Amino acid sequence: MGHTISRRNLLRSAGVVAAATTFGSVLTACSGTGAGTTGGDLTMAWWGSDERHTAYQKALKAFTAKNADIKIKPRYSGYDGYFDKFNTQVSGGSAPDLVQMDTALVAAYAKKGVLAPLDEYVGKSLDLTGFSKSLLAAGTVDGKLYGVPSGIGVNIVTINVTGLKELGLTEPDKEWTWEELKSYAAKIYKASGGKIFGVDDGGGSTNQAFDIFAREKGQNLYTADGKLGYTRETLEEWWTYWAEMRKINASAGGAVTSSAHNDLTKNAVVIGKAMITFDSGLNNSGGSITGATLDFVPTPQGGWSGAREGNYVNGGVLLSATKRSSRVADSVKIMSYFAQDEGAIKDMALLRGIPPTDKARALVAPEMTPNDKRASDAAAYVSDRVAKATDALPAPVAPPEGANQITELLFQSNLAIAFGKKSVKAALSEYFDQAESILSA
Amino acid sequence: MSVTTETLHKAGEEPPAAAAPAGRERDRERERKRAARRRAGGWWPFLFLAPWFIGVFGLVIGPMLDSLYLSFTNFDLLTPAQWTGADNYTRMFTEDPNFWQSVRVTLVYVGVSVPLKLALALGVAMLLNRPLRGLGFYRAAFYLPSLLGGAVAVAIMWRQIFGEDGLFNAVLGWFGIEGQDWISSPDTSIYTLILLAVWQFGTPMVIFLAGLKQLPKDVYEAAAIDGAGPFTRFRRITLPLLTPIVFFNVILQIIGSFQTFTPAYVVSNGSGGPIGSTMLYSLYLYKKGFADFQMGYASALAWVLFLVIALFTAVNFIASRYWVHYDD
């Protein structure tokens, strides 16, 4: 009797076995993740569209075929949450070795010691032949290179040619002014019988619109020591301009603007509410998001006396290496590969901006779609104009930490005016109070 | 203390050995040891509890203490934290208008959604607490949104429904009412989130239903004989008897809605906009911590939220003495 296994005993031993196996697997799982951060694979992170993911993977496959000793583990996603995740990974010590970086954030990360300076590799394993100095400025912080630009980015206005034709309107002139934008956009509203606004609201659009406007007045968004670089009068004039635009229906109201925030699929041109947009995302990350024929014109110029060239050339996205990575040298090889290898250049095409060098642009040109061709031509037009201009400010310094909060603040403040919640005057003083406190934090 | 140990000793003392046959004595001895072991439990129950201990210390208490420490620093996720004392807390209350904005939005959200949700849950629970054809189906159908509730997909669907070209405006259109973009208007956006919360009334409904099932039938019969109508029966019998359940639901829902994050994040594309109108507290906290490099400040925000929830719960418990009726 005492030697038969009771039900209780059976359960008891089964429980111990189960617990032991659970523990075993927990422990192995732990050691697995622990090894992942420093082990054989080089991790590379980027954000983008499906087209960009595919292109990266194709190029990386070709790279590993030639460099069998470097194994790459890709981590890719959309832009949403990309940097939230990156911050967490850096904090937890599991940051990717090689990372696609935003030109707006590179300075913040470089200053916090997250990114590795690349200068010692330049001219050796990092071949930057053909990259102009003003382009490299996009990845340069305090005189050191922290990221290799993927392509030329210029601020450009996208117009829906198909839609304009239907309304019987011809394209605007490339050398247009802000006043001409106003009358042209009002014309669109009239021609469409009050159904379509001219242009989406640029009043809260820091990078694509206000940036250029301020530079036309000789002011940058930020000074070299990380303060706001423009005056209260400049922003007041800007917001007043857009209030007037909304009033005459040349520009869409708050609801359209608000729903397009962080969501390109709700962009006023994409949903057919406007013909012109300051959001340059419609065509630059893998084909066009609309079926329409698009064309691209420079951001309007200042028509007032003393107005100067406001455009500049920046670096698309960047590739950067993280400082705590043990694989910086390997990451640099990959950067160099993307910068110079013919196959990689063709694979990426315009997916990371207009290619950065003459050689790369020539390689990509034959296979461009008509929309891409026009985008590329417009970028070349703007960058030519910038190169020739004698009155242009130097390219802006990399934005300080907190710049992304200011971008959001500008957007929401303009929106508050658009919704009639605040007067321009009230919005202005709140804006400057908050922006200054963000930048001094 | 000494009394207790003494008593324990006495209890543990061996009873005086009887003049019993040695064999039976040994058997009894063995039995006693086995029983003692059973009482003490041995080491293996702890093995089963270990995952819980690891979870609670590793994933709850440890991180909580860590965040308490971080709330007194300027930790930015990327560089080592520096002690800044109570700076984060004073900044929150004295110089951060966005903090107050998120507090206002959250109080509106909690204050409107919790009562509405509970009222609806109770109403539907009472409808479903009667013989009805296809009852199981209705119960499941009403509970379903609660299961889907936290999902990102549902929040995305909400965006579509209340967008300008959405289903909601289409339905309004049938009645000749011209809608607007409810999500993108600062006056209505928070109410779409409240509606989303109210729509997920399934969990409190199920709890109410369980409570209703336990109400004694004879009381109702007696009341009916005395001529009490349905409304009187509800007010004089159902509601008072149900107060413990109501109390339970109130506590759970208040805690839950203070912590709401996902719908606000998804519906506003992570911005809390338009113009801060959907900036729920948790969303603000998240943005500060993970997007703005202010994890120290975010930790302070989290502790304030924790204290506020604790305060609300405590006030509820105190107030409950005056309106919750237990059987005894």
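Is A:Asn160 buried or exposed? I started my notebook here, and A:Asn160 turns out to be buried, with a relative accessible area of 10%. (Buried means under 20% relative accessible area, exposed over 50%, and partly exposed in between, with a 1.4 Å probe and protein chains only.)

**Ground rules.** I am reading a predicted model, where local features need pLDDT of at least 70, side-chain atom pairs count only at pLDDT 80 or more, and totals for chains, interfaces and linings use all residues. Residues are numbered from 1 along each chain as its sequence is written, chains are lettered from A and ligands numbered from 1 in the order in which they are written, and side-chain values use heavy atoms, with hydrogens and water left out.

**A:Asn160.** I found A:Asn160 in strand S7 (residues 156-160) of chain A. (Helices, H or I with at least four residues, and strands, E with at least two, are DSSP runs numbered from the N terminus.) Setting aside neighbours within four places in sequence, I list A:Val269, A:Met275, A:Ala292, A:Thr293 and A:Leu294 as its contacts. (Contact means heavy atoms within 4.5 Å.)

**Helix H3 of chain B.** I then turned to H3, residues 44-70, which has 27 residues. From first C-alpha to last it reaches 37 Å, close to the 39 Å expected at 1.5 Å a residue. (The expected span is 1.5 Å times one less than the number of residues.) I noted a kink of about 45° at B:Ala50, shortly before the proline B:Pro51. (The bend is the angle between axes fitted to the seven residues ending at a residue and the seven starting there.) Among the buried residues of H3(B) I wrote down B:Ala50, B:Ser67 and B:Leu70.

**Two domains of chain B.** The domain assignment gives domain 1 (17-70) and domain 2 (92-323); such bounds come from an automatic or database assignment. Their centres, taken over C-alpha atoms, are 43 Å apart. Four residues of domain 1 touch four residues of domain 2. I get about 400 Å² of area buried between them, with carbon and sulfur atoms giving 70%. (Buried area is the accessible area, 1.4 Å probe, that two parts lose on being put together, summed over both.) B:Met64, B:Ser67 and B:Leu70 supply 79% of what domain 1 buries against domain 2, more than any other three residues.

**Two loop residues.** Which value does phi of B:Leu77 lie near? I read 80°, a positive value in a residue other than glycine. B:Leu77 sits in the loop between H3 and helix H4 (87-95) of chain B, and counts as buried at 6% relative accessibility. B:Asn269 also has a positive phi, near 55°, and is buried at 14%.
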